[in-house]
Amino acid sequence: FWRMPVEGLKVGATFLRASIDFNLTLSDANIAALIGAGIEPADYDGKLRISQGPVSLYIGSAEWLLGDWTFAAEYSRGHTHQSSTISAALPTFDQDNERFYVLAARRLSTRFETGGYYSVYEVDANDRAGHDRTAFPIRSNAFQRDLAATLRFDVNEHWLWKVEAHFIDGTADLEPVSNPMPERYWGLFLFKTTVT
């Protein structure tokens, strides 16, 4: 992070590069399904290796504290190459996703703060709208755009409550298993508390 010569303004950058290997043993049911489908031989022992590498993540951020106001923004881009020892079931792929948000918040008093933010997640930065029907049978799975309003109440210096209302377009961050036919437009209301 760099605190710039403008009062209250700081910018930051992060770069991460990693390789991750997952060594798994499949359940008997999954082993039988792979053998039954002819993907693996009859003596398959259920060992599976998923390799992600390289994984690269680039992040740039800025925050400006101006009186009672806080302004913040962040942009990130991630590149992942993944392969597995069962390429017929888990094919090799390359992913290039991006995320960003912009935020504004205003301290109304020592106890209350209100704010809002807009965030975007694009699964494929080269197909932001999900036109590739092979990759995105449901187009809205390619992105998620979230407009949120927040209200924060500080009970004391160690405890706070926060309510958030979200209007969301897209389903990229929803688990397909739990949401097989998700609605493109949806809402979310959160009440949370934090103790530090």
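The legends below describe close-up views of a predicted model. Local features need pLDDT of at least 70 and side-chain atom pairs count only at pLDDT 80 or more, while totals for chains, interfaces and linings use all residues. Residues are numbered from 1 along each chain as its sequence is written, and side-chain values use heavy atoms, with hydrogens and water left out.

**View B. Strand E1 pairs with strand E2 (residues 9-25).** The pairing is antiparallel, over 2 bridges. Arg3 has Lys10 in E2 as its bridge partner.

**View C. The largest pocket has a volume of about 830 Å³.** A pocket is an open set of points on a 1 Å grid over the protein atoms alone, where a 1.4 Å probe fits, with protein on both sides within 12 Å along at least five of seven lines; lining residues have an atom within 4 Å of a point. The volume is the space filled by probe spheres set on the points. Of its 34 lining residues, Phe93, Gln95, Tyr121, Val123 and Phe136 are the closest to the centre. Strand E5 gives the most to this lining, with 6 residues.

**View D. The second largest pocket has a volume of about 200 Å³.** Its lining has 16 residues, and Arg99, Ser119, Val120, Tyr121 and Asp173 lie nearest the centre. Strand E6 (112-122) gives the most to this lining, with 4 residues.

Conventions:
Two strands pair if DSSP finds at least two bridges between them.
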